[in-house]
Amino acid sequence: SKVAASSASDTPKDFDVGLSTTGQRDNSKTVSTEALMTVYHPQDAENLDSKMLKEKMKEQSWNILFVERGHGVSMFRTKKTRDLVVRGIPEALRGELWLLFSGAINDMASNPGYYTELVEKSLGTSTLATDEIERDLRRSLPEHPAFQSDTGISALRRVLTAYAYRNPQIGYCQAMNILTSVLLLYAKEEEAFWLLVAVCERMLPDYFNRRIIGALVDQAVFEELIRVHLPQLTDHMTDMTFFSSVSLSWFLTLFISVLPIESAVNVVDCFFYDGIKAILQLGLAVLEYNMETLLTCKDDAEAVTVLNRFFDSVTNKDSPLPPAVQQGSNLSDAKSDHPKVDITDLIRESNERYGDIRYEDVESMRCSNRLYVIQTLEATTKQNVLRVVSQDVKFSPSDLEELYELFKKEHFLSCYWNVNSPALQHHDASLPYLDQYRIDCQQFRVLCHLLSPWSHCANRDSLALWTFRLMDESSDCLINFKQFACVLDTMYNGSFTDKLKLLFKLHIPPAFTEVESLSPSKGGDLSKEELIHFSQLSVSSVGDSLESDSLKSSPEKGKGKVDIQAYLKQWQDELLKKEENIKDLPRMNQSQFIQFSKTLYNLFHGDPEEELLYRAIAVVTSLLLKMEEVGRRLQSPTSPVESPAAVTEVPAEIPRKGQEESSSEQTEGSRAQSLRGNHEWSFAFEQILASLLNEPAFVRFFEKPHDIKVKIESAKNLQLKARTRV
């Protein structure tokens, strides 16, 4: 088979000149223009040993191929090309051919100066990715002299930081440092950057992220190939997950982390030529080579030991690297009792035995396994979320699971309904399980209308808004499933005090804000734009300064630096919240109390004891105002205070059961207008609780059981339709 590249004019030599010129012009003090191998292991042309002579013969073979099949991007790929790759690419040509086979040479040609600009922009930035990069710099090939000096470490830092800046979705993932350090040995700094781009974004898609989905998919493909080609091994291994656990580093680091460096680079040669197919073939060859020993293993630990000993015995007898650098030559005699295996022979055998595996078949298996892998990861996320949330709520496991599915479905419906929806940005797999799915105020309103036992309330949009603001403690206009489930649990399973405390907190800052629709004809309904606007308003409350300080010091979710102390403080604060004392709640002022009373009227509308409840509200209101009046007189007995009770006596026409709701609203409006004419007054939660406890109708109403199963079943059928109505 012959595959021609795009242009014959853009040879690697052309890029060398352009890169050198660009580096000197833009940032000559920063970007290195030489591969680290040429700096630390220059070839001595005058003193050639047997290995160097073989190396020169390899180079000559490639030069002959260039003459016959073209050089650079115009080169055709033939069987002879593959044979030369299997033998190992010569040190002097390795970086050039990696660029060519991976397609990175085209990316670099299309973006002159791009890398230098990225380096200038990214150096000095401080993010979670840069912190992780700094932590791993000294762990990247620490035995190689190039990475024992500032030259190699600085180049590695620049490449990794520039890539994290270029692609924040990936940022930095462990194993990228190991791969990049090898790239820097044989390629110039800019070339290594574009090779990293090719690997992360094309050759190994979805490998380098928090959930390494791509690597898990390829492991599933690997297991499938093991079943086909090594059935006796699968019959012996009762649990196929062994192959996944032991082979993860093979895929993530292209065998660099398990093989000596002088052997691993030959594997990287094959990877850039054949892609993931080369790694799968080599993995099968490794297992087959150790088949007899693996079949005698009694457990996974013994099998891992067998494979580790095998990798330690792999050598590269033709490697021209100095003995001080070769990891295989530094093994002690105690470890060298295993028969030596040459990497060239191992790769050749993998090609001969498993070369019939087609790339098209690999892609087909990737597609078929990808859904399974994602579903498994989603199931794991769900199990962890439900396990955590179940400790704080009284819902049954089945009900909690149904609520989670509705919550997640609402997130995805928002993504589907509007391609430009910010909901698309709310899912971040790198976040903790609880925060991977979050919803905004609009999405919460939909769920609230479907699931809340108070959804019949005339001001249900306002209640949904205030509830959302109460839960949005981080002030990022998003809530997670735990917050959602806990507030629903209070509405359904909370005691009389719990439910009343929730209503009280909804009518004081930071939850409460004055809400008035721009369209009077809609009544209490709010448009989506109004809802989002009110949810983003900042309302000051008692202790806001302390809260703002804690928010500033709290760790960001998935961004910036991770402050362990801040996480511990957050955890401590959550424990303290569970012990919240009702005495700590701020007092409710008169405008808030008026709205609180209106909400109670709306909640009681349609109840069998509606008339009795309305009378109870009037009695409690008068009692509270009289208590407030007495308190004022005790504090300042000389100052004449107009009795608030005098202007809030219960009107003669208490709203009767079945009467129009507008009559009660008019009564409340006139009462509110009278109250505003008096001096400011406020109530503590304890006063309101004590007064309401004296009214049996109130207690019966809030302790009335509600079956969430009915709401859940209804929500399943109406969730999609609800989006068209809201």
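Reader: How many aromatic pairs does the count come to in this predicted model?

Author: The model is a predicted one. Rings of Phe, Tyr and Trp pair if their centres lie within 6.5 Å. By this rule, the count is 38 aromatic pairs.

Reader: Is the pair of F222 and W250 stacked or edge-to-face?

Author: A pair of aromatic rings is described by the distance of the centres and the angle of the planes. For F222 and W250, the centres are 6.2 Å apart and the planes stand at 70 degrees. Planes over 60 degrees apart count as edge-to-face. The pair is therefore edge-to-face.

Reader: How many residues apart in sequence are the parts that this pair ties together?

Author: F222 belongs to helix α12, residues 213–229, whereas W250 belongs to helix α14, residues 241–253. The pair therefore ties together parts whose separation in sequence is 28 residues.

Reader: Are F222 and W250 buried or exposed?

Author: Buried means under 20% relative accessible area. F222 has a relative accessibility of 1%, and W250 has a relative accessible area of 2%. F222 counts as buried, and W250 is likewise buried.

Reader: Over the ring of which residue does the charged end of R94 sit?

Author: A charge sits over a ring if, among other conditions, CZ of Arg is within 6 Å of the ring centre. The charged end of R94 is 5.0 Å from the centre of the ring of Y186.

Technical notes. Residues numbered from 1 in each chain as written. Predicted model: local features only at pLDDT ≥ 70, side-chain atom pairs only at ≥ 80, totals over all residues. Heavy atoms only, no water. Phe/Tyr/Trp six-rings, centres within 6.5 Å; stacked < 30°, edge-to-face > 60°. Helix = DSSP H or I, 4+ residues; strand = E, 2+ residues; numbered from the N terminus. Buried < 20%, exposed > 50% of the residue type's maximum accessible area, 1.4 Å probe, protein only. Lys NZ or Arg CZ within 6 Å of the ring centre and 35° of its normal.
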